[in-house]
Amino acid sequence: MDNQGMSRRSALKIGGMAAFGTIGAMTLGGCAAPKKRTTAKEEATPSRSWREKPEPITDIAETVEADLIVVGAGNGGLVSAMTAQEKGFEVIVLEKGNAIAVAREAIGTVGSRHSAGHEPDVPRLMNHARKVQSGDVNMALYKTWAEKSGEFMDWLEDIETPKGMTFPFEWHAPADPEAYYPAICTNPVMGEFQPNGPQFGAYQHLNVLRELFEEAGGTIEFLMPAQQLVQDADGRVTGVIAQSSDTKKHTQFNARRGVILCTGGYGANPEMVQDMCPNMWNYATSTAATGETGDGIRMALWAGAVMEQGSGAMVWNRGTVADDEKVGADCATPLFLPASQPFLRVNVRGERFMNEDSTYPEIFSQGQRQPKGFSWQVFDGTYWDDIQRFDTGGCSRLVAAPDGSAFNADVYDLQPMSKEHLDSFWFEPVLEAGILKKCDTLEELADAMNFNDDEKATFLATVKRYNEVMKSGDVDYGKPAYRCSTVDTAPFFAIRTAGNFLVSMNGVVTDTNSQPLREDGSGIEGLYGC
């Protein structure tokens, strides 16, 4: 991506930039009932279920030998490949795309040299994850990350700094014990770090890693999507069969030491999403997933691995809903970055229904449970002052951190964030499209929100009550004072929001050595998943 040449319109069409199983675009519309969402069973009509193992590929045009085959040249794949190359392995990376993917710069680690003095309490961090995920966490795997990730971060800095990369550490967090935002994030950029932006050197560390890997003798085969794993009579994985996108011929890449699958999730595979995360597909209004079609997950399952029970996805609450009120990832409506701010939320009846100081997926899920599957975000003309006080973290941060440690450029175009930038880049397009409503009075705003008389009365009473509790203490839902804001100063704004489907969050079960497990708990020899 040419960050400097990205237009405002094109940037608004980018849902995000994604990374075995976990992390690891727009129409416009009067007011109509949302379309009926079909079930996964109704929509998924492929010739073969994604879970069904295909017939073995036998028309092999060429055979190639190496110590290690890595499938996927992303965050996991290039790190795996470079590490093995340094240890003397002969490594070949198979990548189905024609270039290295653009990756977000934020890397979460514990115990790096930069984190001295800002170390989180690791047991507390792990138990925080356990609680917010309702216990659905592999704690042994989490502990492995906590013990080893700092070593990885120092390694990455050591090898990339000579290429001009800088490794700023983000440690700022609000002075609020309930807003648990541990200091774990390093944001490598090319050149000098600019806390206030622009940050055109962001998202470059994978290209640097590719350069280092190839200089060390590694090979990347682009446009070479992996199709199937090769196994011997005992079930050990001994290689990968891939098909050239150009010639359509199959090559068998034999691996003397093993195969590592680093192919990301399945967010761009509608059949898999509708099977495992139907709500995410049915109630988001855009998707950021482009190339992650679950290839590695499916190959591992066909080789005997088991899928995690349950499913999940990361959803940004930045997808907008047009006046036709349709929801579904195929709507492809614009994003609205300020939707991640903790402003007032009401449903289509004008009722407040939540503590708006929440996470992206929680706000999406709460809105999904409301009539028609979305919510309205409502705020007033003091929004910029409010945003500065909110001091939100991660990529919802829209102002510089007081200590200068937090990345502050707009994550979509990398320009410095300011009220002027927010207005021109984010407000103007959705105002022009009629998606964002702007009115001089609350009564006019209620009319623009298509409320009937009863709903309008409810909405106006909701705003009155909201303003009272924002000033005296939110006894209704408990929003902390520094995240409170009234809706009493013209102009007044409202926008329907749902979700932007970002990335799937489940995959095959692995042990702490990243080895996929069979139903009986044994590891599949020769196979690893990142």
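**Entry 1: Asp323**

I began with the side chain of Asp323, which makes a polar contact of 2.9 Å with the side chain of Lys437. The model I am reading is a predicted one. I then found a polar contact of 2.7 Å between the side chains of Asp323 and Arg496. Where does Asp323 lie? I placed Asp323 in the loop between β13 (313-316) and β14 (344-346).

**Entry 2: The nonpolar cores**

I next looked up the largest nonpolar core, which has 41 residues. Which of its residues touch the most other members? I noted Ile69, Leu229 and Val259. Helix α9 (residues 295-302) supplies the largest share of this core, five residues. I also recorded a second, separate core of 35 residues, which includes Ala339, Phe379, Ile387 and Val503.

I returned to Leu229 and listed what it touches, not counting residues up to four places away in sequence. Among them are Val237, Gly239, Val240, Val259 and Leu261. The list for Leu229 also includes Met299, Ala300, Ala303 and Leu527.

**Entry 3: Helices α3 and α5**

I turned to a pair of helices. Two packed helices are described by the angle between their axes and the distance between the axes. For helix α3 (residues 75-86) and helix α5 (residues 139-160), I read that the axes come within 12 Å and cross at roughly 75 degrees. An angle of 65 to 115 degrees counts as roughly perpendicular, so I described α3 as roughly perpendicular to α5.

Which residues of the two helices meet? From α3 I noted Val79, Met82, Thr83 and Glu86, and from α5 Phe152, Trp155 and Ile159. Sorted by class, the contact of α3 with α5 has five nonpolar, one polar and one charged residues.

**Entry 4: Phe451**

I located Phe451 in the loop between α13 (442-448) and α14 (453-472). Phe451 is buried, with a relative accessible area of 8%. How far apart are Phe451 and Arg349? They are separated by 102 residues in sequence, but their C-alpha atoms are 7.4 Å apart in space. I then listed the contacts of Phe451, leaving aside its neighbours within four places in sequence. Arg349 is one of them, and I also noted Asn347, Val348 and Gly350. Ala446, Lys456 and Phe459 are in contact with Phe451 as well.

**Entry 5: Backbone geometry**

My last search concerned the backbone. Most residues other than glycine have a negative phi, and most peptide bonds are trans. I looked for departures from both patterns.

The peptide bond from Ala490 to Pro491 is cis, with omega near -5 degrees. Pro491 is in the loop between α14 and β17 (492-497).

Lys248 is not a glycine, yet I read a positive phi of about 65 degrees for it. I found Lys248 in the loop between β10 (237-243) and β11 (250-261). Is Lys248 buried or exposed? With a relative accessible area of 53%, Lys248 is exposed.

Asp391, also a residue other than glycine, has a positive phi near 55 degrees. I placed Asp391 in the loop between α11 (383-390) and α12 (419-432). The relative accessible area of Asp391 is 14%, and I recorded this residue as buried.

Terms used
Residues are numbered from 1 along each chain as its sequence is written. This is a predicted model: local features need pLDDT of at least 70, side-chain atom pairs count only at pLDDT 80 or more; totals for chains, interfaces and linings use all residues. Side-chain values use heavy atoms; hydrogens and water are left out. Helices (H or I, at least four residues) and strands (E, at least two) are DSSP runs, numbered from the N terminus. A polar contact is a pair of N or O atoms within 3.5 Å; within protein, one must be able to donate a hydrogen and the other to accept it, and residues adjacent in sequence count only if both atoms are side-chain atoms. A nonpolar core is a set of buried Ala, Val, Leu, Ile, Met, Phe, Trp, Tyr and Cys residues joined through side-chain atoms within 4.5 Å. Buried means under 20% relative accessible area, exposed over 50%, partly exposed in between (1.4 Å probe, protein chains only). Contact means heavy atoms within 4.5 Å. Axes are lines fitted to C-alpha atoms, for helices over the stretch in contact, and angles run from 0 to 180 degrees between N-to-C directions. Angles under 35 degrees count as roughly parallel, over 145 as roughly antiparallel, 65 to 115 as roughly perpendicular and the rest as oblique. Ala, Val, Leu, Ile, Met, Phe, Trp, Tyr, Cys and Pro count as nonpolar, Asp, Glu, Lys and Arg as charged, and the others, Gly among them, as polar.
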